[in-house]
Amino acid sequence: MDPFTGRIPREPEAAPYANWNDRITAECYAPLAEAGCFKQISFNLGGTLARWLDENAYATYARIVAAERDYRETNTVGNGLAQPVHHTILPLARRRDKICQVHWGIASFTHRFGHPPEGMWLPEMAVDYETLAVLAAEGIRFTILSDEQVHGALETGAGPYRVRLPGGGQIAIFVRDRHLSNALSFTMPDPADVDNWLREQVVWRCRRDGLVLIATDGETFGHHHRQGIEVLDRILSAGEAHGYGLATLGAYLQQNPPQAELEVIENTAWSCSHRLDRWVVGCACTPDDSRWKGALRRALDNLACDLDGIYVQEAQRLGADAWPLRDDYIAVVLGQVTGPAFLASYGLGHLSDEQTRRLLALLEAQFYRQRMYASCTFFFEDLDRHEPQYAIAHAVRALALTRYATGDDLSHSFRRDLQVARSQRTGRTAAGIFDEIIAQGAT
Ligand SMILES: [Zn+2]
């Protein structure tokens, strides 16, 4: 999404649709909603996509929200999961940023679905104990990991299992069946073969394990595999014929508290077996020279540190507790309250107009500073693509807001750091991308 217009630019590769969101909605979210799938399974809908659907595909959005609400009315516990709001790889973030992402994700979910979430989907299932401790402290009861991310006997299949947290406390973990999930995602059967597939792949696993969890990207159904909607529909309706039942995670946890414990293998993710290298220094999953990833991350980290310093100093000067204030600022982003009313609710109603303007601009800068770290910034092979460009554009937005608020210009040191990150494919540096964004902004 373009951080200056808040719109998605035309994406020719998504033809005949204007952009990928349009196309994936038509191929996947809309037919899944029409088929009633969101009434039967656990799912998560991220804040950014939820907002886009709300504004651009309202009928589908309304169907998904209503499906979750109906499910909760019938079962007392909902089937929607929240997710950290900007798809940040949380183990790579400082604790206060983990708290912010999780808090904002919960607030966004509650805003959309009308009740707090029971569970949270971690971006790329990237996990460390500090992330799990933050989830538990924010009231989340469970998350999902993949079987290669845990130590311990998977005696009850998908679980749930108890994970003990450092400093006390615990959280429940459901463990997805990697082989079955991948079989459905990458070698999906034809609709005519689904019953054979269920017999060969699923039914015996259910008998052996009790609960079996298939967890995969929603886009698998209808977008990656055209037959996916029909296949999922058959899987959801064939339980009686094959002797299995459907369960959603929150409701299952309510009936089946964890009996056994697992340990978590920290700094792992579901999408790549190279720990978190993919988002830090690059790994063998992508071709070519990935050194730009470390260089870009250093530039963003240095900038984040500078932005935080200015924000904290200003907040303290005005008598505000900087991090809780930032955590709750999501209410302004969601349009639940105006900026000045939000500050007044924090005991800051006495600030002058000028002080209010300054603090709100710095809070908005923190929002864009959070967005720089979306997983996809670092996920792909090359620097000279949309995703890293968006991260730098978010940084530019945070720089501009900070300059507007306090007069501090952080752009020179940021640009110097960006010079180190270079695309092997086009030769362009991140500083070149930065200059282009500035030039576009000036026209
Ligand atoms: Zn990898």
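This is a predicted model: local features need pLDDT of at least 70, side-chain atom pairs count only at pLDDT 80 or more; totals for chains, interfaces and linings use all residues.
Strands of a sheet pair through backbone hydrogen bonds, either parallel or antiparallel. Both senses occur here. Strand 3 (residues 142–146) runs parallel to strand 6 (residues 170–176), with five bridges between them. Strand 5 pairs with strand 6 in the antiparallel sense, over four bridges.

## Bridge partners in strand 6

Which residue of strand 6 is the bridge partner of Phe 142? The partner is Ala 172. Ala 172 is also the bridge partner of Arg 162. Two further pairs involve strand 6. Ile 144 stands opposite Phe 174, and Val 163 stands opposite Ile 171.

Strand 5 and strand 6 make a hairpin, with five residues between the two strands. Gly 167 sits in the turn and has a positive phi of about 85 degrees.

## Burial of the sheet

How many of the seven residues of strand 6 are buried? Six are, so strand 6 is largely enclosed by the rest of the structure. Strand 3 is mostly covered too: five of its five residues are buried.

In a regular strand the side chains alternate between the two faces of the sheet. Strand 3 is covered on both faces. Phe 142, Ile 144 and Ser 146 are buried on one side. Thr 143 and Leu 145 are buried on the other.

## Helix 1 against helix 2

Two packed helices are described by the angle between their axes and the distance between the axes. For helix 1 (residues 20–34) and helix 2 (residues 47–56), the axes come within 12 Å and cross at roughly 85 degrees. The two helices are therefore roughly perpendicular to each other.

Helix 1 contributes Asn 21, Asp 22, Thr 25 and Tyr 29 to the contact. Helix 2 contributes Leu 49, Trp 52 and Leu 53. By residue class, this contact holds four nonpolar, two polar and one charged.

Which residues of helix 2 are buried? They are Gly 47, Leu 49, Ala 50, Trp 52 and Leu 53. These buried residues pack against helix 1, helix 3 (58–75) and helix 4 (95–113).

## Two loop residues

His 86 is located in the loop between strand 2 (80–81) and helix 4. Is His 86 buried or exposed? Its relative accessibility is 7%, so His 86 counts as buried. Leaving out residues up to four places away in sequence, His 86 touches Gln 101, Trp 104, Phe 367, Gln 370, Arg 371, Ala 374 and Ser 375.

Thr 156 belongs to the loop between strand 4 (150–151) and strand 5. Thr 156 has a relative accessible area of 37% and is partly exposed. With residues up to four places away in sequence again left out, Thr 156 touches Tyr 161, Asp 209 and Leu 211. Thr 406 lies 250 residues from Thr 156 along the chain. The C-alpha atoms of this pair are separated by 57 Å.

## Cysteines

How many disulfides does the model hold? The count is zero. A disulfide needs two cysteine sulfur atoms within 2.5 Å.

Accessibility is given for two cysteines. Cys 100 is buried, at a relative accessible area of 0%. Cys 285 has 38% relative accessibility and counts as partly exposed.

Methods. Residues are numbered from 1 along each chain as its sequence is written. Side-chain values use heavy atoms; hydrogens and water are left out. Buried means under 20% relative accessible area, exposed over 50%, partly exposed in between (1.4 Å probe, protein chains only). Axes are lines fitted to C-alpha atoms, for helices over the stretch in contact, and angles run from 0 to 180 degrees between N-to-C directions. Angles under 35 degrees count as roughly parallel, over 145 as roughly antiparallel, 65 to 115 as roughly perpendicular and the rest as oblique. Contact means heavy atoms within 4.5 Å. Ala, Val, Leu, Ile, Met, Phe, Trp, Tyr, Cys and Pro count as nonpolar, Asp, Glu, Lys and Arg as charged, and the others, Gly among them, as polar. Two strands pair if DSSP finds at least two bridges between them.
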